[in-house]
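Subject: Structure handover

Hello,

Here is the structure you asked about. My notes on it follow below the display.

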Amino acid sequence: GVNGKIEFCFDTERQTKPTILEDGSVDFRNLNIIQNVKQGEILCNVLPPVPGKAGTNVLGIKLPVINGKPAVLPKGKNVVVSENQANILAGLDGQVSYLDGKVNVFSSYEVHANVDNSTGNISFVGNVIVRGNVLSGFSIDAGGSVEVWGVVEGAYIKAGGDIILKRGMQGLGKGILISGGDVVARCIENSKVAAIRDIKAEAIMHSEVKCGNKVELIGKKGLLVGGVCKAGKEICAKVIGSTMATLTEIEVGV
């Protein structure tokens, strides 16, 4: 007989390589590192074993049937096996990976250093955690929340959930944050920020910010200076504008 096999529906030996464009140039920012999957998506097909046939040797002695063995299911974290044992499915939206002979789906994608040429742009259906900085020209597009432990430069970050910047954003006039929830940052400077709910920061300087609910400047500075600030319900700050007559526009209730 023939042993059962596992047929993978994703690339188990995915290589990190840049995208080659039509004109022959190379885009080092799109490295296609992450393989996103949706809940219920088929990750593996389980091929059943084939039964053997009885036979005889050259002496005419009958030989017993040797049947194929069923395949060992590579079931890891956050995956489910179908009722007929014919498929392995994703248990949630996330990143699929093949580690130590097992198929896993992870709801969060973690970058242990900076988002730069080594990682490329990040597009992920779940949460994204960056332990370093996000450098200029790179983007993060997450279906869940985005948390950055370092500084965000002139980058583009879009999240279906909250955006949390522990050290703030120096947008250099190019930085963009788009959040389906709240934006929480230590400092936002020279950036464009849009949030469905609240924006909270210690200081917002020379930026265009708008949110559906409340802009709140907290901490020692509580500073809002320069640019345009629009809030659906309330703007709360210790200082708005500056003695240097920097133009600061605010709108509430629009």
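**What was found**

Asparagine 190 is found in strand β20. Please keep in mind throughout that this is a predicted model. At asparagine 190 the phi angle is positive, about 50°, although the residue is not a glycine. Most residues other than glycine have a negative phi. With a relative accessibility of 30%, asparagine 190 counts as partly exposed.

Leucine 172 also has a positive phi, in this case near 55°, and leucine 172 is not a glycine either. Its place is in strand β19. Is leucine 172 buried or exposed? The relative accessible area of leucine 172 is 54%, and the cut-off for exposed is over 50%, so leucine 172 is exposed.

Between these two strands, β19 (169–179) and β20 (183–195), runs a loop that holds aspartate 182. Aspartate 182 has a relative accessible area of 17%. Buried means under 20%, so aspartate 182 is buried. Which residues does aspartate 182 contact, once neighbours within four places in sequence are set aside? They are Asp162, Ile163, Arg197 and Asp198.

**The chain as a whole**

The protein chain has 26 strands and 0 helices. The box filled by the C-alpha atoms, taken along the principal axes, is roughly 105 × 40 × 30 Å.

Of the 254 residues, 36% are buried. Among contacts with a separation of 6 or more, 25% are between residues 24 or more positions apart. The chain exposes about 14200 Å², and 52% of that is supplied by carbon and sulfur atoms. As for charge, there are 27 positive and 25 negative side chains, and the centres of the two sets lie 6 Å apart.

**Towards the end of the numbering**

Two more residues are worth a look in the viewer.

Threonine 246 sits in the loop between β25 (239–240) and β26 (248–252). Its relative accessibility is 28%, so threonine 246 counts as partly exposed. The side chain of threonine 246 makes a polar contact with the side chain of serine 242, at 3.2 Å. Not counting residues up to four places away in sequence, threonine 246 touches His206, Val225 and Gly226. If you want a distance to check in your viewer, the C-alpha atoms of threonine 246 and methionine 169 are separated by 20 Å, and the two residues are 77 apart along the chain.

Glutamate 251 belongs to strand β26. Glutamate 251 is partly exposed, at 30% relative accessibility. What does glutamate 251 touch, leaving out residues up to four places away in sequence? The residues are Cys229, Lys230, Ala231 and Ile235. Between the C-alpha atoms of glutamate 251 and leucine 135 there are 31 Å, and these two residues are 116 apart along the chain.

Regards

Notes:
Residues numbered from 1 in each chain as written. Predicted model: local features only at pLDDT ≥ 70, side-chain atom pairs only at ≥ 80, totals over all residues. Heavy atoms only, no water. Helix = DSSP H or I, 4+ residues; strand = E, 2+ residues; numbered from the N terminus. Buried < 20%, exposed > 50% of the residue type's maximum accessible area, 1.4 Å probe, protein only. Contact = heavy atoms within 4.5 Å. Areas by Shrake-Rupley, 256 points an atom, 1.4 Å probe, with all protein chains shown as cover. Lys, Arg positive; Asp, Glu negative; His and termini not counted. Charge placed at Lys NZ, Arg CZ, Asp CG, Glu CD. Polar contact = N/O pair within 3.5 Å; in protein donor to acceptor, adjacent residues only side chain to side chain.
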